[in-house]
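Subject: Handover of a structure and its findings

Dear colleague,

Please find below the structure that I am handing over to you.

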Amino acid sequence: MQIRTRLVALTMVQIMLCWSTYAETPVWRAERELYASVNQARRAQGLAPLRWNESLATAARQHAEVMAEHRSAQHGFEGEPSLSARVKQVGIHFSWLSENVTQGPSSEFIHGQFMKSPLHRANILDKDMDSIGVGVVEQGGQLFAVEDFSQVR
């Protein structure tokens, strides 16, 4: 029994160390800053904040990784599943779905670009959305960012 308890404790410590290491990365910080910026923009317009959805973030991170590999910000690449397929693969059931993608040197720059674009701004301020997941990948000094929005069923 003591061996089992020690193994559980050791595993928990390892998980916490991995999580704290990830939590300290510039990528994690950029994801959280973009999430906060989206909700700040929504509150300024009298809209409810979006809930963080880790499954949406997983789908967003997967697509950000593909964008970084291609060194290009696009909504899809040849051979990659569509946005709706990517989100369904991570177990999300949705009524509405939209996505913002771009690349830039910082989260502040990226959010500014989104807010200057009428379509991206509309996604951020869409009153029908209730959830968000943000994925960021850094490559060559650039952040590749994906914001996936949904109305979860």
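I begin with Ala 57, which counts as buried because its relative accessibility is 0%; buried means under 20% relative accessible area, exposed means over 50%, and partly exposed lies in between, with a 1.4 Å probe and protein chains only. Ala 57 is found in helix α3. Here helices (H or I, at least four residues) and strands (E, at least two) are DSSP runs, numbered from the N terminus. Leaving aside its neighbours within four places in sequence, Ala 57 is in contact with Trp 52, Gly 133, Val 134 and Gly 135, where contact means heavy atoms within 4.5 Å. The C-alpha atoms of Ala 57 and Val 136 are separated by 9.2 Å, although the two residues are 79 apart along the chain.

Two remarks on the source are needed. This is a predicted model, in which local features need pLDDT of at least 70 and side-chain atom pairs count only at pLDDT 80 or more, while totals for chains, interfaces and linings use all residues. Residues are numbered from 1 along each chain as its sequence is written, and side-chain values use heavy atoms, with hydrogens and water left out.

The chain as a whole

The chain holds six helices and four strands, and from the N terminus on its elements run α-α-β-α-α-β-α-α-β-β. Of its 153 residues, 41% are buried. Among contacts between residues at least 6 apart in sequence, 66% join residues at least 24 apart.

The sheet

Strands of a sheet pair through backbone hydrogen bonds, either parallel or antiparallel. In this model, two strands are said to pair if DSSP finds at least two bridges between them. The four strands form an open sheet in the order β1-β3-β4-β2, with mixed pairing. β1 and β2 (94-104) stand at the edges with a single partner strand each, so one side of each is left without a neighbour in the sheet.

Strand β1 (residues 51-52) pairs with β3 in the parallel sense over two bridges, and Trp 52 stands opposite Ile 132 in β3. β3 and strand β4 (residues 142-152) run antiparallel and are joined by nine bridges; the bridge partner of Ile 132 in β4 is Phe 149. These two strands form a hairpin with two residues between them, and Gly 140 in the turn has a positive phi of about 60 degrees. β2 and β4 also run antiparallel, joined by ten bridges, with Gln 151 in β4 as the bridge partner of Trp 96. Strand β3 (residues 131-139) is mostly covered, since seven of its nine residues are buried.

The nonpolar cores

A nonpolar core is a set of buried Ala, Val, Leu, Ile, Met, Phe, Trp, Tyr and Cys residues joined through side-chain atoms within 4.5 Å. The largest one has 19 residues, of which Ile 124, Ile 132, Val 136 and Phe 149 touch the most other members. The elements that give two or more residues to this core are α2, α5 (107-116), β3 and β4, and its largest share, six residues, comes from α2. Apart from it lies another core, of ten residues, among them Ala 64, Ala 68, Phe 77 and Val 146.

Around Trp 52

Which ring pairs with Trp 52? By the rule that rings of Phe, Tyr and Trp (its six-membered ring) pair if their centres lie within 6.5 Å, with planes under 30 degrees apart counted as stacked, over 60 as edge-to-face and the rest as tilted, the count comes to one aromatic pair. Tyr 35 and Trp 52 form this pair, which is edge-to-face, with 5.2 Å from centre to centre and 75 degrees between the planes. The pair links distant parts of the chain, as Tyr 35 in helix α2 (residues 26-44) and Trp 52 in strand β1 are 17 residues apart. Arg 32 lies over the face of Trp 52, at 4.2 Å from the ring centre; a charge sits over a ring if NZ of Lys or CZ of Arg is within 6 Å of the ring centre and within 35 degrees of the ring normal.

A loop residue

Arg 71 lies in the loop between α3 (54-70) and α4 (83-89). Arg 71 has a positive phi of about 55 degrees although it is not a glycine, and at 54% relative accessibility Arg 71 counts as exposed.

Yours sincerely
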